[in-house]
Amino acid sequence: MIARFPSFLLVPSAVLLTTRAAMAGDKDGGGGTAGAGIPPLTSTRVASGLVRPIYATFAPGDPTRLFIIEKQGRIRVLKIDQNPPVLLGTSFLDIDSQIAGGTTTSSEQGLLGLAFHPNYQSNRVFFVYYTA
């Protein structure tokens with residue numbers, strides 16, 4: 001079981017888990033120095049099949065699901081209490097029909113943000129930021 005991820009890096013169609021907080025110097029000359037004794041940054045793909053993911057977050061009190069925003073208007077759920085993590089087939093939210101933009105790489109429009117109410121576990125309130 002994966003209890004918690006230190007941080008996430010979202011790239012087109014994938015979510016990568018980063019396991020180190022900083023990059024170390026590269027002895028081969030391919031990178032800068034971040035400080036002596038700092039291990040290199042590593043990553044592991046934990047999900048694929050996403051379309052333009054831009055943000056990932058947890059809901060308060062729910063460390064088993066990672067909510068991932070797809071810019072065109074969907075919020076997907078990655079179950080991280082399973083090994084390997086499972087991307088659910090059904091969207092948590094799909095407002096694609098209400099979103100302006102978000103489907104092209106040159107647009108800054110779309111589903112842009114997600115925030116959960118601090119008492120989400122009891123009231124199920126969450127907020128989204130999008131262009132319409």
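Asp 62 counts as buried because its relative accessibility is 10%; buried means under 20% relative accessible area, exposed over 50%, and partly exposed in between (1.4 Å probe, protein chains only). This is a predicted model, in which local features need pLDDT of at least 70, side-chain atom pairs count only at pLDDT 80 or more, and totals for chains, interfaces and linings use all residues. Residues are numbered from 1 along each chain as its sequence is written, and side-chain values use heavy atoms, with hydrogens and water left out.

Asp 62 pairs with Arg 65 in a salt bridge, with 2.6 Å between the closest N and O atoms. A salt bridge here is a side-chain nitrogen of Lys or Arg within 4 Å of a carboxyl oxygen of Asp or Glu. Arg 65 is partly exposed, at 21% relative accessibility. The rule gives four salt bridges. Glu 70 and Arg 76 form one at 3.6 Å, N to O. Both Glu 70 and Arg 76 are buried. Together with Arg 74, they are linked in a salt-bridge network. Lys 79 and Asp 81 form another, at 3.5 Å. Lys 79 is buried at 17%; Asp 81 is partly exposed at 28%.

Now the nonpolar side. The largest nonpolar core has 12 residues, among them Phe 67, Ile 95, Phe 116 and Tyr 120. Such a core is a set of buried Ala, Val, Leu, Ile, Met, Phe, Trp, Tyr and Cys residues joined through side-chain atoms within 4.5 Å. A second, separate core of eight residues includes Val 46 and Leu 78.
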